[in-house]
Amino acid sequence: MIDTYAWLILAFPLAGAITIGLTWRALPWRVHGLIGTAAIAAAFASSVLALLELQALPHDERQVLVVGWDYAKSVGVDAQMSLLLDPLSIFMCLVVTGVSTLIHLYSTAYMASDRGYTRFFAYLNFFVFSMLLLVLAGNFLLLIVGWAFVGAASYLLISFWYRRETATRAGIKAFVINVVGDVGLVLGTYFIFKHVGTLDFLKTFERVDEAFTTNQADLVAGCILILVGAFAKSAQVPFHTWLPDAMEGPTPVSALIHAATMVTAGVYLIARMHPLFEHAPIAADVGAIVGVVTLLVAATIAMVVTDLKRVIAYSTMSQIGYMIMGVSSAAYAAGLFHLLTHAFFKALLFMAAGSVIAAMAGMQNLDKMGGFRKAMPFTYGCMVVGGLALAGVPPFSGLFSKDEIITLQFERGGYHAVLGVLAYVGSFLTAVYTFRMIFRAFHNEPVPEAAELEEGHLAHHETPSNPATGEEEDSEVGFPGPDHHIAEREAPMKIAMGVLAVGAIGLGVLQIPHVTSVIHTFLEPAFAESELYEELEPTASAEWIGLLVGALIGIAGVALAYRLWVQDREAPARIRAKLAGLHRFLSAKWYFDEGIDTVIVRPFAWFGRFGRNTFERLIVNGLIMGGTSAAVRGGSAAVRAIQSGFLRAYAALLVLGLAGLVLYFLIAAR
Amino acid sequence: MSVTWYLLVSALVFCIGAGGILVRRSPLVILLCLELMLNAANLALVAFARAHGNQDGQVFAVIVMVVAACEVAVGLGLIVAIYRRKLPVDVDELRELQG
């Protein structure tokens, strides 16, 4: 039975994508939204059934390999269509399908006036299929396929408004960086495969012990290459620059792909590969340190960004930094728990942001927002719930998951304690920038759009324009639709946000230290061979102290934000004037884009120009092609010259040749 | 009598034929010289057949004569064609066929 459910989880989104794609002309567009939502809801139901089946199995048999057929079985390669069902993959399936269902529901209303409505749902279903393929894959081959598919889906959805140049550029950037990650993953797989001789996950993990010694060079190289894949997908330093740009896509896409699901694939990957990383502590250390660096870099940039969606995007990077740090330092359950709570509160924040952007008629600039609190009470409530969960204020869910990661850092000891301290610094920044965003958008005097909305008029611009560049647009296909939709007026958006808000508030109860440990117990079979999984068990007092510190830091951050952006509103300008250099540095996003441009893009462009202008022209055209043709032409000219048509010359040649031959034989015969 | 003298005559006739082809310009004479060369070969074949005491060489000689007859038929045909079209009967003049 569990086999059937596993295939059904994959089949529903794929069938949805194909159905929507093929019937775009036959069915009315509203139906496509329903098909898309229903397909994902069915996948969610299948995941739940698979979960029940899995839980019915004995504890140590909860790793079920479902083999569809042998894809290619030849010398030494065992490529199968196999899915691995274990608590980890089911956990990911539940998160992905659950959050996706809600985001599809939200999109049915939010995208209603967009001319690309049908295409949007086809892409979205395809994305969910790819993501499920990624998390269910039972071997490296399928993992890579799913990995590449989600990259493609992400590209399609970032560039969804394909007549907007900023959007297509952002899509290309995301795709290129993701492909770098794909290459890393493929090469990493090769390093592992070379030694274990199998592509299957379970067999690989079984053979790790014999195949590798701890920190063996090939294993470390393989793990670091796999990390490159994870970093590119999860937007970790230095592969993070695509994520803020990816905000060019429609807001539900940002919520689904670039916050809740796809970008957490790196976290899943590290957790899935934990037997490898436990044998290569060096690689795991790289992961943990990069996670901390990312969370600090992203949090500092988020302090100065003025684009509403980009603030949340940087916060996503930062939160994924926590998760990467967690799973890289053996805090698997904590990292994945944070993945779950983050999916809820971050999707909620994006949805609320989408509602605000709609109320601003497409504008995303925080500088032009303010005072939406009265006009949009529901959105405001959701934003605050999401913000409090993100900031780690009790009793919201974010506190429990984030602080468990940090507490486990102190429990690991050694340099991990330093990471823990830095992570607390990040927590403080998180609370400040989150509430900077909320206070600036919702508090203080209402801007004209907010004041109008209080009287019941939704802002509507006569000539739509690109919020990033101000270029004029129309509202035909390839650009956003003419009408905007806010949560206050659309029931589907309200329902989706409501469910997510409940999750953002309440999910913390799954894992209250030493009271409940649902996630930890549930995931245990997937980490059965991990020694660190059980070992890392902080005492109750350590956990509660951690929670207390985290909560205090969160509250302090919110209070500071309240002081700066509500009470003493001159202060931010004063601070900015005082720290002008720092502000410039952060506004330029630590000059990562420029750095990558100088170090990688420009040398490559130079190399390309050299190839085209110099190498191609001189060596290829001149030497290889020109040289060959000149040799042939010269040779044929010489041969042609012999064909003089002068009969007696031919005869002379013949006679001479014959004479020469005879002479040769005469001499040779001696 | 040793076979050497026959071969000597054969070589002499062959050289006369070859020399004729090289120096003469009339197609008719060139054909004649070709015949000389073929018959020089025939002479050598028959001489060897006699020396070795079997008939293989003679068989070859007969075949060569057949080939020579064919060749002359074609060659004379060409010469007649050249004559009819009022082309110069001189191989040095007939050299359009060139690379």
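Two strands count as paired if DSSP finds at least two bridges between them. Helices (H or I, at least four residues) and strands (E, at least two) are themselves DSSP runs, numbered from the N terminus.

## A hairpin in chain A

With that in hand, look at strand E1 (residues 64-74) and strand E2 (residues 77-85) of chain A, which run antiparallel and are joined by eight bridges. Lys73(A) in this pairing sits opposite Asp78(A) of E2(A). The two strands make a hairpin with two residues between them, and Gly76(A) in the turn has a positive phi of about 75 degrees.

## About the model

This is a predicted model: local features need pLDDT of at least 70, side-chain atom pairs count only at pLDDT 80 or more, and totals for chains, interfaces and linings use all residues. Residues are numbered from 1 along each chain as its sequence is written, while chains are lettered from A and ligands numbered from 1 in the order in which they are written.

## The nonpolar core

A nonpolar core is a set of buried Ala, Val, Leu, Ile, Met, Phe, Trp, Tyr and Cys residues joined through C-beta atoms within 7 Å. The largest one here has 214 residues, and Leu132(A), Leu136(A), Ala347(A), Leu348(A) and Met351(A) have the most contacts inside it. Helix H15 (residues 332-359) of chain A gives the most to this core, 21 residues.

Two residues are in contact if their C-beta atoms, placed from the backbone, lie within 7 Å. Setting aside neighbours within four places in sequence, Met351(A) touches Tyr106(A), Ala255(A), Met493(A), Ala496(A), Met497(A) and Leu500(A).

## Zooming in on Ala423(A)

Ala423(A) belongs to helix H18 (residues 416-442) of chain A. Ala423(A) counts as buried because it has 26 C-beta neighbours inside 10 Å; the cut-offs are 20 or more for buried, 12 or fewer for exposed, and partly exposed in between, with C-beta atoms placed from the backbone.

Beyond its neighbours within four places in sequence, Ala423(A) has contacts that include Val292(A), Leu295(A) and Tyr322(A). Ala423(A) and Tyr322(A) are 101 residues apart in sequence, yet 7.4 Å apart in space, C-alpha to C-alpha.

## Chain B

Chain B has three helices and zero strands. Its C-alpha atoms fill a box of roughly 50 × 25 × 25 Å along the principal axes, and 14% of its 99 residues count as buried.
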